[in-house]
Amino acid sequence: MKDMLAKAMAGKYAIGAFNILDYNSTKAVVKAAEEISAPVIIQTSAKTVIFWGSEPLISWVRELAGPSKVPIALHLDHCKDLNLIKECIDSGWTSVMIDASAKPFEENLALSRQVVNMARPKDVTVEAELGAIVGVEDDIHVKHQDAHLADPEQAIQFCLQVEPDCFAPAIGTAHGVYKGEPEIAYDRLEEIASKTGIPIALHGGTGLANEVFRQCIALGCAKVNISTQLKHTFIDEFVAYYNANSTEYNPLKVMGAQFDKLKEGIIEKIRLFGGAGKA
Ligand code: 13P
């Protein structure tokens, strides 16, 4: 993932990181990237890894991404559990995120550094978070009032000591569906990105306006996370297919409809982030 992000940062575009749910959605991410020659990140939440197990997940990704001509990374999203991080590193994930952002600064720093020490010898990329990104991601709930943005001075200290390959500072975006217009702290993003020089991960991608993406990417976001969009497409397409064909009971057709819609939405986002043709 590190190499993809370095190229994206230099080229002022971002790599789409899509949270997959099953084999079908994993295939949709891979086929979308292949169709428009884009590098892409397959992202798994900790819950998804626990639900399926790391072995089935890695075997789908190897089968789909192995023969692919486009660069594909496999990333573990927000993880607080060092044992699960280790399991993913040992199983073949190319990238992991340690999310110790709910801990006091010093503890977050120490845990994040521990993960860098664990991952670096295996050439696995590390993403770390500072500040609280609001909303619900996996089992991490952050109430709006508790949310705090990343402090630029702390961010610089954090990055100097942890040396993450990718940095996720809270800049005002939120996981889940936005209620109202998010206030993005562009000034902080610019200061953190320019002073640390580390590719920034933009969390909470679902529902952001195109202009917000453009501005964040121009200021240093090289990875954009999209999860809720895929969850909604997954369920909505199932319901839509059933409503239109309520006597059919043909699961393969339902999965076909889900695949098509997921792929369409992923392609649209990759194009928007500037990743098409960059493989
Ligand atoms: P959304 O669910 O808002 O797309 O956010 C995804 C994300 O940031 C995953 O870490």
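## Around the ligand

Two strands, β3 (72-79) and β10 (221-226), each give at least two residues to the shell around the ligand. Strands here are DSSP runs of E with at least two residues, helices are runs of H or I with at least four residues, and both are numbered from the N terminus. This is a predicted model, so local features need pLDDT of at least 70 and side-chain atom pairs count only at pLDDT 80 or more, while totals for chains, interfaces and linings use all residues. Residues are numbered from 1 along each chain as its sequence is written, and side-chain values use heavy atoms, with hydrogens and water left out.

Which residues come nearest to the ligand? Out of 14 around it, they are Asp 77, Gly 204, Thr 206, Ser 227 and Thr 228. A residue is near a molecule if one of its heavy atoms lies within 4 Å of it. By type, the shell splits into 2 nonpolar, 10 polar and 2 charged residues. In this scheme Ala, Val, Leu, Ile, Met, Phe, Trp, Tyr, Cys and Pro are nonpolar, Asp, Glu, Lys and Arg are charged, and the others, Gly among them, are polar.

Let's look at the ligand's oxygen atoms. With Ser 227, it's a polar backbone atom that lies 2.8 Å from a ligand oxygen. For Asn 225, an N or O atom of the side chain is 3.2 Å from an oxygen of the ligand. On its own the ligand would expose 310 Å², and the protein buries 100% of that. These areas come from the Shrake-Rupley method with a 1.4 Å probe, and for residues only the protein chains shown count as cover.

## A buried lysine

Lys 223 sits in strand β10. Is it buried or exposed? With 0% relative accessibility, Lys 223 is buried; that word means under 20% relative accessible area, while exposed means over 50% and partly exposed lies in between (1.4 Å probe, protein chains only). The side chain of Lys 223 also makes a polar contact with the side chain of Glu 127, at 2.7 Å. A polar contact is a pair of N or O atoms within 3.5 Å; within protein, one must be able to donate a hydrogen and the other to accept it, and residues adjacent in sequence count only if both atoms are side-chain atoms.

A disulfide is a covalent bond between the sulfur atoms of two cysteines. The rule used here asks for a pair of cysteine sulfur atoms within 2.5 Å, and the count comes to 0 disulfides. Cys 79 is in no disulfide, with the nearest cysteine sulfur, in Cys 88, 6.8 Å away. Cys 79 is buried, at 1% relative accessible area.

## Two loop residues with positive phi

Ser 37 isn't a glycine, yet its phi is positive, near 50°. Ser 37 belongs to the loop between α2 (23-35) and β2 (40-44), and is partly exposed at 36% relative accessibility.

Asp 123 has a positive phi of about 60°. It lies in the loop between α6 (105-119) and β5 (125-130), and is exposed, with a relative accessible area of 63%.
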